[in-house]
Amino acid sequence: MSESEFRDFHTLESYIASQQGMHPQSRGVFSNLLRRIGLASKLIHAKVQKAGLLNILGARGVINVQGEQQMKLDSLANEVMKATLRWMPAVGGLASEEESDPVVLGPRDEGEGEYVVLFDPLDGSSNIDANIPVGTIFSIHRRTSSGRVCDPEDFLQPGRSQVAAGYVIYGASTMFVYTTGNGVHGFTLDPEFGEYVLSHENIRIPDACTCFSANERNYQKWDDATKRFADHIRFGPDPRYARTSSRYVGTAVADFHRNLLYGGVFLYPADRKTGKGKLRLLYECAPFAMLAEQAGGLATTGRQRVAEIHPTELHQRIPFAVGNRREIELYERLVAEMDAKAKTSA
Ligand code: P6P
């Protein structure tokens, strides 16, 4: 490595420190919180990389709060995230896809416990046994309550108020991707020395719809606007989509990450019968929405920007579409046309 290359060489640690340097009044508490999430992800990475060898594959025989089969790695990743974060004075509480209720920490001393961290410890668990990428997703909010222990309302904040959002993708390489509102930055774990190295600074979603990403098996369950949108992209005459491919991993982190780098749209729409989506607002859709907007894209339910939704419950699910600004705005127009038509024919 030449001297100039080394000068530009950033690890996650040094990059967080450089970002903190832009806030002279900062005590470094928030930076330490991000670092700890990075550490937790390295522990999870180590287990995921050896999953097949440690006989921790396969279902644990436990059904989680989502009514889903809890895989051994799910619960292990959940324990790692909690154990890494719960002792930090700055953390007032945790919420996890694997925990039915918030983990209230404390009581914290004056001036401490100011953050809550929400996370999906291992997204894509149904893919674990097939060695398909999985991920960790996290969202950080400042508490809104003032007591020595956090309040349930501290977890039910709109995505717009996140102070940080990010994910880790355990794939061909392991990458830590996050934003604190100053752009989206990606770090690749160098296994030679166990550090995340800055590899993708200021990620911007390319203005090309390279991938259409949805579980197309659900097509018949989608509403008319979603079908029109999918057909327009996949089969329509618009030259913008002449080279668009369908890609669907079945791990939201992987589908989101690919579209963040290549351009495209990922959607998990509502089942038109139940009106409900599958993905969870607080620790999947809201962090993805912050990342997408910071990278020049958008995230919507079709009727509302995800960042503006005021959550009502911890494991709330929403219809979700995220990606290029042009495609998301088109989808919102098609939904509005469908709703207007329904209103006039009512
Ligand atoms: P389906 C993984 O279980 C997950 O929550 C997301 O990561 C993924 O996008 C979605 O479910 C896949 O759901 O119904 O297509 O298998």
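How do the residues of the lining of the second largest pocket divide into nonpolar, polar and charged? Seven are nonpolar, nine are polar and 10 are charged. Keep in mind that this is a predicted model.

## Two domains

Begin with the overall layout. The domain assignment gives domain 1, residues 3-200, and domain 2, residues 211-345. Their C-alpha centres lie 25 Å apart. The two domains are in contact, with 47 residues from domain 1 and 33 residues from domain 2 taking part.

Rolling a probe the size of a water molecule over the atoms shows where empty space is left.

| Space | Volume | Element giving the most lining residues |
|---|---|---|
| Largest pocket | about 440 Å³ | helix 3, four residues |
| Second largest pocket | about 380 Å³ | strand 5, three residues |
| Largest cavity | about 40 Å³ | helix 6, four residues |

Take the largest pocket. Its lining has 20 residues, and the closest to its centre are H23, S26, F30, Y115 and R142. Helix 2 (12-20) and helix 3 (29-49) each supply at least two residues of this lining. By class, the lining has eight nonpolar, nine polar and three charged residues.

Now return to the second largest pocket. Here 26 residues form the lining. D123, G124, S126, G250 and K278 lie nearest the centre of this pocket. Which elements each supply at least two residues of its lining? They are strand 2 (69-71), strand 5 (115-123), helix 6 and strand 13. Both domains take part: domain 1 and domain 2 each give at least three residues to this lining.

The structure holds one cavity of 30 Å³ or more. Its lining is made of I205, D255, F256, N259, L260, G264, F266, V322 and G323. Helix 6 (252-262), strand 13 (264-268) and strand 15 (320-323) each give two or more of these residues. Five residues of the lining are nonpolar, three are polar and one is charged.

## Nonpolar cores

The largest nonpolar core has 40 residues. Which residues have the most contacts inside it? They are L85, L122, I140, F176 and Y178. Helix 3 gives the most to this core, with eight residues. Helix 3 also gives the most to the lining of the largest pocket.

I140 is then in contact with F30, L33, L34, I37, Y115, V116, V117, Q162, V163 and A164. Two residues on that list, F30 and Y115, are also among the closest to the centre of the largest pocket.

Another core lies apart from the largest one. This core has 30 residues, among them V177, L260, L281 and C285.

## Putting it together

Some parts turn up in several places. Helix 6 supplies residues to the lining of the second largest pocket, and helix 6 provides the largest share of the cavity lining. Strand 13 supplies at least two residues to the lining of the second largest pocket and two or more to that of the largest cavity. Find these elements in the model, and trace each lining in turn.

Terms used. Residues numbered from 1 in each chain as written. Predicted model: local features only at pLDDT ≥ 70, side-chain atom pairs only at ≥ 80, totals over all residues. Heavy atoms only, no water. 1 Å grid on protein atoms, 1.4 Å probe; cavity = no way out; pocket = protein on both sides within 12 Å on 5 of 7 lines; lining within 4 Å. Points joined across faces, edges and corners; volume = space filled by probe spheres on them. Nonpolar A, V, L, I, M, F, W, Y, C, P; charged D, E, K, R; others polar. Domains from an automatic or database assignment. Core = buried A, V, L, I, M, F, W, Y, C linked by side-chain atoms within 4.5 Å. Buried < 20%, exposed > 50% of the residue type's maximum accessible area, 1.4 Å probe, protein only. Contact = heavy atoms within 4.5 Å. Lists of a residue's contacts leave out its neighbours within four places in sequence.
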